[in-house]
Amino acid sequence: ITHDWKKTPYNGLFATSLAVFVVRTGNPKAIHDWADLAKPEIDVLTPNPTTSGGAQWNILAAYGAAKRGNVTGYDKGDDGALKFVGDLFKNVSVLDKDAQSSILNFERGVGDVAITYETDAIFNRQATPQAAPADFEIVYPTSTIQIELPVALIDENVDKHGVRPAAEAFVEFLTSPEAQAVLAKYGFRPVDPTIAKQDEIAKQFPTVKDVFSVQEFGGWDKIATDFFGDSGKITQLLTQIKGQ
């Protein structure tokens, strides 16, 4: 990518999402917020952050909520956040390779709760010609991370194949009112505030008390090293608890 792909009305994003929980219908384990995921005998699903970008968002959501002082029973700050994530990891029974495998495992009956994208949770609860709606409930924690969903064209590829005009038009179309309304139906939070405020769309996306961004941790370049690099704090914690 040789152009400034973030030079768009929404800083390169076409939609956003949130890290949320999905639980069994009726919420039999009474899971309402992050602290519940660290309780004894709660079986948690989240993919492996060493192989899954979605898992990294999940862990940052958990870490950030605790760091900001929004996880009951854990001290505010990095030490409390790392302690909470460690306790959460101890309850993770399966570290799938990616987010889709994790949510499918949950739908097959594995685990009490899965951390996932709000987008996937909403989409999987919708009936399609190929599948019935998934049987679970969505739980919104009081504090979570905004998941950024960017779009960019690859200059070398579009020029090689002679498709730049079509690719640029598609990228522009994704933030049009028409596309934003369609994306919302499938669980993507609109970046267009006018579309987001429409009654039917606003009802689908509950307001969360505390939403933070990756800037809480200094941005992705810093996160990649400090959290998920070979000597990153999450990598080391995962090795200590899970041996991987």
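**Exercise 1. Determine which backbone nitrogen the side chain of Asp112 reaches, and place Asp112 in the fold.**

Step 1. The side chain of Asp112 reaches the backbone nitrogen of Asp43 at 2.7 Å. This is a predicted model: local features need pLDDT of at least 70, side-chain atom pairs count only at pLDDT 80 or more, and totals for chains, interfaces and linings use all residues. Residues are numbered from 1 along each chain as its sequence is written, and side-chain values use heavy atoms, with hydrogens and water left out.

Step 2. Locate the residue. Asp112 lies in the loop between α3 (99-107) and β4 (113-117). Helices (H or I, at least four residues) and strands (E, at least two) are DSSP runs, numbered from the N terminus.

Step 3. Check burial. Asp112 has 15% relative accessibility, so it counts as buried (under 20% relative accessible area, with a 1.4 Å probe and protein chains only).

Step 4. Look for a side-chain partner. Asp112 and Lys29 are joined through their side chains by a polar contact of 3.2 Å. Such a contact is a pair of N or O atoms within 3.5 Å; within protein, one must be able to donate a hydrogen and the other to accept it, and residues adjacent in sequence count only if both atoms are side-chain atoms.

Step 5. List neighbours beyond four places in sequence. Among them are Val22, Arg24, Ile31, Glu41 and Phe106 (contact means heavy atoms within 4.5 Å).

**Exercise 2. Is Asn58 buried or exposed? Find its polar partner.**

Step 1. Asn58 sits in helix α1 (residues 53-67).

Step 2. Its relative accessibility is 2%, so Asn58 is buried.

Step 3. The side chains of Asn58 and Thr46 form a polar contact of 2.9 Å.

Step 4. Leaving aside neighbours within four places in sequence, Asn58 touches residues including Ala19, Trp34, Pro47 and Ile115.

**Exercise 3. Describe how α2 and α11 pack.**

Step 1. The axes of α2 (residues 78-90) and α11 (residues 233-242) come within 10 Å and cross at roughly 40°. Axes are lines fitted to C-alpha atoms, for helices over the stretch in contact, and angles run from 0 to 180 degrees between N-to-C directions.

Step 2. From α2, residues including Leu82, Val85 and Phe89 meet α11, where Ile234, Leu237 and Ile241 are among the partners.

Step 3. By class, this contact has 7 nonpolar, 1 polar and 4 charged residues. Ala, Val, Leu, Ile, Met, Phe, Trp, Tyr, Cys and Pro count as nonpolar, Asp, Glu, Lys and Arg as charged, and the others, Gly among them, as polar.

Note on methods
Buried < 20%, exposed > 50% of the residue type's maximum accessible area, 1.4 Å probe, protein only.
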